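Please study the sequence and the structure shown here before reading each solution.

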Amino acid sequence: MKTKTYIAVLTVACVTLTLGGLACVDVYIVRDSGDATLLWSPEEAYLFINVTSRGYRFSGLNYLAEFVKNYFNVSSAPTNETNSTGVVRVVPPTVQHYLLRNISFDIYAPSDHNIYARSRGIIWKWTGTNFEKATPEEQQKLQGATPHDFDNIHGWSRHFVGGPPYQDVRMDVGNEPVVLSVTHNSEKAYLSFDLRCGTGPSERVFYLDEGPHRVSKAEFRRFFEQH
Amino acid sequence: VIWPSLITNADQGVLVSWGLDFPAYCGGNGVGCVASNTQCKFTLISGGHVTTDKPLDLSGRTSCFEPSLQAQDGSVVGMVYPQNGASPFMADFAQSAKLNWSVVGDFQPQIATADGGVIATNNDTGAAITFDATGKATGQMGSLPTQSWTGGAYRVGSIDSVIFPAISTAGGFWALAGGNASGTSVAIQQVLTIQAQQSDEQLPCDICGPVWGNINLIELLTSQSVDYIFQNYIQTFAAVTHNHSSQMNFTGAGHSPDVNVTGTGQILTITLSRPASLGQGAFQVMTERVDSANHVISAVTLQGHPLAGWRYWRVYSVGHNDIVIETGGYDGPGPGAKNYVGYYLASGEDGMISRGWREYVRYVQSALGAPHGLQSGFDLGGTGVAIPWHELFEGFWDHSGLYKNYILNNVCQSASCN
């Protein structure tokens, strides 16, 4: 009898300690998601990759509960969110990379030898290394830019990429055949872009791990403060 | 008689591709010689009778046609292997025996797709290439995933069992090479593509559990017209595509990240975010009302959706440079205990449903750069009671059914939708 009582008390104590510990411990998760817009002309191609990073801070108990909620198709709201834009410019055989923090764009449009993009209703102009706010005249002119894919309008084509699991986009840029291979694997949670210019080897130009990452509190704060 | 090849002609009979070989011959005195000749034929047999028997349009070729698939429009896709050393080619023949298109290469037609095209593997490279209804190559996969009997696709020997989307096959009985997913020469009709979408609808059951209405709206002061907002934000679902929403992501046909709703019957795929788990649950809705004059779109849930019911999205003017973006749903849990529990967890103004649609209206505000309007409340549906704007913004839940007719009228312009 004494042994049974002892085991029962020990079990209750262990469960209480575990739950108490889980309630006190915070879990930090960062999860990225991305898609991209490909814009090209006979002279050059741009791959604009929008990356959204969402941060979740859970107590240990809530973290366990999140798995249960996810099973029921329910999830929590992120506690932090930020955007960044990766730019890959291709002028065969050169490939240039740029990273712009704290901004994302929903529409990219070429006009009068410039590249424009729209973010939160504001039009920005590509300077060659960054985006800067467009002039009021340009703002007015570009507001009505189409949100849909197009082919060969004044030599320019634009396609959203990153939707289907596998996608090859073939272009002629700088008198060379260029193939962009896009893989968006939702099961393994990654997005990748591989580029092949002419008969050259395929080069990975971007990879995004879209799975959940557990990070420390310091990393979490640094990540979202940095952005 | 040479090269007889036979496949089913939908549910109308069979189609035989065959040839007549006429050897060369000369007259008894060695004059009047006639060169060898091959006539390729295309014969349809129905009810035990020959209904069509025509020479194949293979002028200048020296071989007959080996049919592999029946395409969506009833034409037949197969291969021609010339005997004169010329390159083999894949061809699509109409039932009139007319050549629709051909593509040079050593292909193996594998799947006739619902869009009228075909997927074929290249015997030289092993790659699977998609062709449209005109024979134009439109895409390529490293290799062809195996098509399952249930319409899914997988790779043999791999644990990546569901990384490929289901391929919508043509509606005939010979849309897969070999007639079925096992290639046993037994004709089957792939049910996935011919099932009427209406029967896929998942409607709420009023007596089985909770069926509630919910509305989110935002009033904005903007000079943009309702036409502009409808075309750029409502029809495109811009707020819930391209990962703009933390709760859900919409994609269009063929996993297109770009959505543009222009008519009824369009299928939209939704994936929910799962911050802690790998993988995403995907399900679908079908557009039920697309009203450009009144700037309203509505959709009904399809089988597999965790909810059962309808939702509308609309934009309307309430004054000069003063517009309202509104979305409302009338739904309950989908079938099963899991959806029942999920519905209770997701409902309410702090739940995932309201949070997701609150983000939706807020996204449009942010994208327009528009300040909030000044009305303190809205009398929706002429009930005589104004609901405070902040309740409608956060997510108003109608447990009493008072706003059921208002919501359904937006969905289908009737108090009863289907």
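## Exercises on a predicted model

In E6(A), A:Arg118 is the bridge partner of A:Ile107. The structure is a predicted model, and the exercises below refer to that model.

**Exercise 1.** Determine in what order the 4 strands of the open sheet in chain A are arranged, and which of them are the edge strands.

*Solution.* Step one: the order is E5-E6-E7-E8 in chain A, with antiparallel pairing. Step two: strand E5 (107–111) and strand E8 (131–133) of chain A are the edge strands, since each pairs on one side only. Step three: neighbouring strands of this sheet are turned against each other by 35 degrees on average, direction ignored. Step four: E5(A) and strand E6 (residues 114–119) of chain A are joined in the antiparallel sense over 5 bridges.

**Exercise 2.** Describe the open sheet of 4 strands in chain B in the corresponding way.

*Solution.* Step one: in chain B the order is E5-E6-E7-E8, and the pairing is antiparallel. Step two: the edges are strand E5 (65–70) and strand E8 (99–104) of chain B, each of which pairs on one side only. Step four: strand E6 (residues 76–80) and strand E7 (residues 89–93) of chain B pair in the antiparallel sense over 5 bridges; B:Val76 stands opposite B:Phe93 in E7(B).

**Exercise 3.** How many disulfides does a search of the whole structure find over all chains? Characterise the link of B:Cys40 and B:Cys64.

*Solution.* Step one: the search finds 3 disulfides. Step two: the sulfur atoms of B:Cys40 and B:Cys64 are 2.0 Å apart, and these residues form a disulfide. Step three: the torsion about their S-S bond is about -95 degrees, so the disulfide is left-handed. Step four: B:Cys40 lies in strand E3 (residues 37–46) of chain B and B:Cys64 in the loop between strand E4 (49–55) and E5 of chain B, so the pair ties together parts that are 24 residues apart in sequence. Step five: both B:Cys40 and B:Cys64 are buried.

**Exercise 4.** Is B:Cys417 buried or exposed, and which handedness has its disulfide with B:Cys412?

*Solution.* Step one: a disulfide joins B:Cys412 to B:Cys417, with an S to S distance of 1.9 Å. Step two: the torsion about the S-S bond is about -80 degrees, so this disulfide is left-handed. Step three: buried means under 20% relative accessible area. At 9% relative accessibility, B:Cys417 therefore counts as buried. Step four: B:Cys412, at 22%, counts as partly exposed.

Note on methods:
Residues are numbered from 1 along each chain as its sequence is written. Chains are lettered from A and ligands numbered from 1 in the order in which they are written. This is a predicted model: local features need pLDDT of at least 70, side-chain atom pairs count only at pLDDT 80 or more; totals for chains, interfaces and linings use all residues. Side-chain values use heavy atoms; hydrogens and water are left out. Two strands pair if DSSP finds at least two bridges between them. Helices (H or I, at least four residues) and strands (E, at least two) are DSSP runs, numbered from the N terminus. Axes are lines fitted to C-alpha atoms, for helices over the stretch in contact, and angles run from 0 to 180 degrees between N-to-C directions. A disulfide is a pair of cysteine sulfur atoms within 2.5 Å. Buried means under 20% relative accessible area, exposed over 50%, partly exposed in between (1.4 Å probe, protein chains only).
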